[in-house]
Each structure stands twice: as structure tokens, then as C-alpha cells.
Amino acid sequence: MSEQTLQQKLDSTGNVVDFLRNQQVGPNVYPGVPAEYSNWRNEQRGWAQSAVLFNQSYHMVELYVRGSDAFALLEYLAINSFKNFAVNKAKQFVPVTPEGYVIGDVILFYLAENEFSLVGRVPAIEWVEFHAQYPKADGSKWNVTVERDERTALRTDGKRKNYRFQLQGPNAMKILGIALGETPPDLKFFSMAHLDIAGKDVIALRHGMAGQPGYELFGPWEDYAAVHGALVEAGKNDGLTLVGGRAYSSNTLESGWLPSPLPATYTGDSQMMKDFRAWAGGNSYAGMCSIGGSYVPDSIEGYYLTPWDIGYGHIVKFDHDFVGKEALERMAGETHKQKVTLALDPEDVLRVMSSLYAKGDRAKYFEFPSSVYSMHPFDSVKVDGKEIGVSTWIGYSSNEGAMLSLAMIDPAHVEFGKEVTLVWGEPNGGTKKPTVEPHVQTEIKAIISPVPYSSVARNSYADSWRATGKGTNA
């Protein structure tokens with residue numbers, strides 16, 4: 001952390017919304033792998049038609065939590081139940097503020113008795129780090145230690161504690177069987193087992209992120225080359241495709257996971273929130289991230305989201321005490337946004353792209369395959385000129401032949417096949433982010449569609465945290 005606290009940085013900015021919208025950072029980067037191994041179109045097709053190997057070894061933070069209070073601490077910070085949670089299982093870990101707004105989400109691994117790891121984006125990681133040294137409600141200390149393994153972009157040695165791969169696609173199980181020399185274990189979703197690949201002990205998590213059967217595989221960094229090489233060799237005759245950074249960030253458009261809730265830590269008058277902002281540094285995630293898009297609320301709270309807004313309402317369980325419980329109990333009966341996919345009108349997309357070939361006004365550029373240009377994109381979604389929600393992730397799917405966005409809209413307007421309008425581009429010619437060129441806003445027609453958009457993903461995630469109303473890890 002820096003000498004300046006997050007609170008001091010916020011106090012010096014004046015308008016927090018303007019500050020975050022003009023931050024000098026674009027979308028998340030994916031270091032350690034090429035932008036493309038072949039080309040992003042074929043790499044996208046790989047997870048639908050054959051198999052892909054995602055390399056997640058570089059861009060996510062990992063936090064180890066150990067000690068006799070580790071289970072209790074993590075349960076206290078999670079909206080979902082820890083009943084039947086045991087060693088060799090994993091779950092989505094979703095913390096909220098005392099006011100009930102989402103901080104972020106990561107995957108929580110139950111590695112051994114009194115030992116866990118959390119892997120994913122930084123906001124939830126920092127929240128756990130803070131609480132590990134923050135007193136319990138009775139004033140006593142948590143008997144835990146935390147160990148943070150920083151993502152590659154913020155380290156100089158080029159190494160991590162673990163490698164982390166994802167093997168996904170229709171041929172994934174066959175390829176894994178070849179690498180193992182035997183039939184892979186038939187694990188339930190979010191269950192783990194130890195496997196032997198190339199003579200190395202590999203932990204396998206039954207998990208999917210591309211709408212197809214597959215595993216997340218991880219182990220000690222020194223085994224990286226041996227395991228990666230064995231998987232590539234095993235897949236050489238079955239279409240195994242290596243996926244680069246460009247395609248990687250677009251797979252969520254088909255699978256439906258919403259990666260970009262803004263951490264709701266900028267405000268809140270509880271002592272806990274004040275203490276967090278005094279603990280967090282000016283260079284913490286909240287102090288460094290960026291917001292983009294056409295949606296500009298009057299205050300930063302306009303960007304805050306509830307678990308229901310992002311599709312996690314079904315995993316909220318009131319069977320344990322946790323930070324934000326009382327707030328969520330009050331919210332439970334309220335109307336919340338509903339997560340959907342928007343399929344953008346092809347002719348309107350072509351109109352946006354054709355504006356690049358004129359010397360006059362131009363629309364905001366569509367990058368391919370991911371068109372996200374900030375860490376937290378928020379674009380207005382309207383019907384008859386009235387705002388009904390926001391789009392938060394946008395890009396192109398070669399598998400679907402469509403420009404898609406993940407959106408959260410008023411459930412009164414959720415009707416599959418209904419036409420809405422997405423406002424593309426920022427007001428007043430754009431903000432000062434380096435990823436934003438001078439442009440004019442434009443409206444794009446879109447069709448409300450299911451989430452996940454991929455029919456394969458909807459079926460394969462029927463028992464997962466991505467499916468509405470169900471979740472074996474809840």
C-alpha cells in the first residue's frame with residue numbers, strides 16, 4: 001500500500017465519479033501470454049468446437065488464508081452458505097459491504113484443514129486481507145495468517161507460487177485422459193482431486209468458463225513447463241488450441257459471468273467502511289481502477305450493485321452471520337435488476353464501424369473481440385428514451401456471429417426478443433482515458449436474450465453458480 005490512504009486520495013479528488021472516469025488506465029491486461037497464438041477467431045472457435053488451453057498463471061491474485069479461524073473468517077465475509085463445504089471443494093466467494101453492495105467475487109479453494117486460497121480479481125482479496133487484521137465483533141483477533149501471491153504485472157521475478165491452466169471444450173475430457181493415461185475422474189461441479197500429469201501432482205477443479213466440460217489445473221510453479229507440455233502433447237491430434245489474451249477476455253460473453261462489478265467501497269458511514277478506507281492505500285484497486293461508458297450517475301453509489309443484480313441472488317443464504325446480512329435481508333424482497341445478454345443489431349454495428357471511414361464525426365471504436373475500454377464499463381440501456389439498466393461487458397463472439405453485451409435491466413422489461421437501445425460512447429466527446437478517442441455517442445438497437453447466451457453453456461451450467469435459481473456451491 002502507499003503512504004497516502006484511499007480515503008485521503010478520495011478526499012483530494014473532489015468528484016469521485018469524474019476521477020474514476022478519467023483514470024489513466026484501460027481494461028485489465030493479460031500478461032505472460034501472447035495476444036494471439038494463431039488468431040482470436042480460431043481461438044474462440046476452439047472452446048466451442050474442439051478444446052482450448054487457457055493460461056491463467058499470470059493475471060490473477062492468489063491469497064492464502066491459514067489458521068484455526070480461517071473457515072470462520074471466510075464464512076463471516078461470504079453471502080453464500082458454508083454448510084457441507086469441505087476439503088477438496090471450491091465455491092464462488094462473494095463479499096458485500098455492510099450496506100449490502102458487492103465488493104467483488106473470486107474462487108475459494110478449500111485446500112486442507114485450516115488452509116484456503118482465493119483466486120481472482122483484487123477487490124475481494126483486499127477485503128479479506130483487511131479483515132484478517134480487523135477485530136471480530138467481540139473485539140478479539142482472528143487466528144489467521146494471510147499470504148498474497150501477487151499477479152505478474154506487479155512483480156519483477158516473473159514467477160508465481162502456482163501455475164494455473166484451464167482445459168475446456170468438447171474434446172477436453174479426451175485430451176485430459178490421454179495426458180493422464182487413464183479415464184479422468186468424474187467429479188461434481190466445483191469438486192477437486194489430485195491427478196498425476198507428467199509425473200507431477202496436479203490439483204484439478206471441475207469447473208467451466210467456456211460453456212463446455214473441463215477442468216482448472218494448478219500446481220507448483222516449478223512444474224509449469226512439464227504439465228503444460230504434457231497437455232499440449234496430449235491434445236495435438238484433437239484440436240487443442242492455445243488461447244491468447246485477446247480471446248481470453250471475450251469468453252465471458254458466451255458463458256455469462258459478469259467480471260466487472262465496481263467495488264462498493266468508496267462510501268459508507270459504518271466504522272468498518274471508514275476503517276477499510278483508512279487501511280487501503282491510494283494505490284489499492286479502488287484507488288487505481290477506471291470506469292467507462294455512457295452511463296454517468298449523479299454519485300458513485302449509482303454504480304453499486306447488489307448480488308441479485310449480477311445473478312448471485314440465488315446463492316445468498318441467511319443461515320449464518322456475515323457482513324451485510326441485515327442489509328441483504330432488507331433488500332431481499334425489493335426489485336432488483338436482472339442479468340441478460342443483449343444481441344446488438346448487425347446493421348447498427350456496421351454503421352458504427354463505417355463511421356471510421358469518414359472525416360467527420362465518428363462513433364466510439366469497437367475493438368475486437370473484446371470492446372471493453374475501461375476496467376469497469378457501464379453503458380446505458382434504454383426503452384423509448386427511458387433508462388432501464390446498464391450494459392457492463394461487450395464484445396464479439398465468432399461462435400455466435402454476433403456482437404454481444406452482458407447487461408442488467410429492470411425485470412419489468414425482461415422479455416426475450418424485445419428490442420432495447422444501448423447508448424454507445426461517452427458524453428461530451430469522451431473522457432481523458434488514453435483508451436478513448438474523440439467521438440460522438442450513438443444509439444444501437446439490441447435484442448434481449450438469455451444468459452448464458454450459448455445454449456451449450458446454459459445446459460452445462462444448469463447446476464452451477466451461473467444458472468439462475470440453482471447452484472451446487474451455494
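This is a predicted model: local features need pLDDT of at least 70, side-chain atom pairs count only at pLDDT 80 or more; totals for chains, interfaces and linings use all residues.
## Nonpolar cores

The largest nonpolar core has 67 residues, and the members that touch the most others are Val65, Leu74, Phe93, Leu118, Tyr266 and Ile300. Helix α5, residues 122-132, contributes the most to this core, with seven residues. In soluble globular proteins, nonpolar side chains tend to be buried together.

Beyond four places in sequence, Tyr266 is in contact with Leu10, Val16, Leu20, Arg277, Ala286, Cys289, Ile300 and Tyr304.

## The five-stranded sheet

An open sheet is built from five strands in the order β3-β4-β5-β2-β6, with antiparallel pairing. At its edges stand β3 (89-93) and β6 (145-149), each of which pairs on one side only. On average, neighbouring strands of the sheet are turned by 20 degrees against each other, direction ignored. Strands of a sheet pair through backbone hydrogen bonds, either parallel or antiparallel.

Within the sheet, β4 (residues 106-112) and β5 (residues 115-120) form an antiparallel pair with six bridges. Ala112 is placed opposite Glu115 of β5. Helix α5 packs on the sheet and touches β2 (61-66), β3, β4, β5 and β6; the direction of α5 makes about 25 degrees with that of β2.

Helix α4 (residues 70-77) packs against α5 at an angle of about 125 degrees, and the two axes are 11 Å apart. The two helices are therefore oblique to each other, and their crossing is right-handed. In this packing, Leu73, Leu74, Tyr76 and Leu77 of α4 meet Trp127, Val128, His131 and Ala132 of α5. Leu74 is also one of the residues that touch the most other members of the largest core.

## The β8-β9 hairpin

Strands β8 (residues 192-197) and β9 (residues 200-206) run antiparallel and are joined by six bridges. His194 has Ile203 in β9 as its bridge partner. The two strands form a hairpin with two residues between them, and Ala198 in the turn has a positive phi of about 55 degrees.

## Backbone features in loops

Most residues other than glycine have a negative phi, and most peptide bonds are trans. Phe368 and Pro369 are joined by a cis peptide bond with omega of about -5 degrees; Pro369 is in the loop between α13 (346-354) and β14 (376-377). Another cis peptide bond joins Val451 and Pro452, where omega is about -5 degrees. Pro452 belongs to the loop between β19 (442-449) and α14 (455-460).

Asn84, a residue other than glycine, has a positive phi near 65 degrees. Asn84 is found in the loop between α4 and β3 and counts as exposed because its relative accessibility is 75%. Asp384, also not a glycine, has a positive phi of about 55 degrees. The loop that holds Asp384 runs between β15 (379-383) and β16 (386-397). With a relative accessibility of 81%, Asp384 counts as exposed.

Conventions: Residues are numbered from 1 along each chain as its sequence is written. Side-chain values use heavy atoms; hydrogens and water are left out. A nonpolar core is a set of buried Ala, Val, Leu, Ile, Met, Phe, Trp, Tyr and Cys residues joined through side-chain atoms within 4.5 Å. Buried means under 20% relative accessible area, exposed over 50%, partly exposed in between (1.4 Å probe, protein chains only). Helices (H or I, at least four residues) and strands (E, at least two) are DSSP runs, numbered from the N terminus. Contact means heavy atoms within 4.5 Å. Two strands pair if DSSP finds at least two bridges between them. Axes are lines fitted to C-alpha atoms, for helices over the stretch in contact, and angles run from 0 to 180 degrees between N-to-C directions. Angles under 35 degrees count as roughly parallel, over 145 as roughly antiparallel, 65 to 115 as roughly perpendicular and the rest as oblique. A crossing is left-handed if the near helix is turned anticlockwise from the far one by less than a right angle, and right-handed if clockwise.
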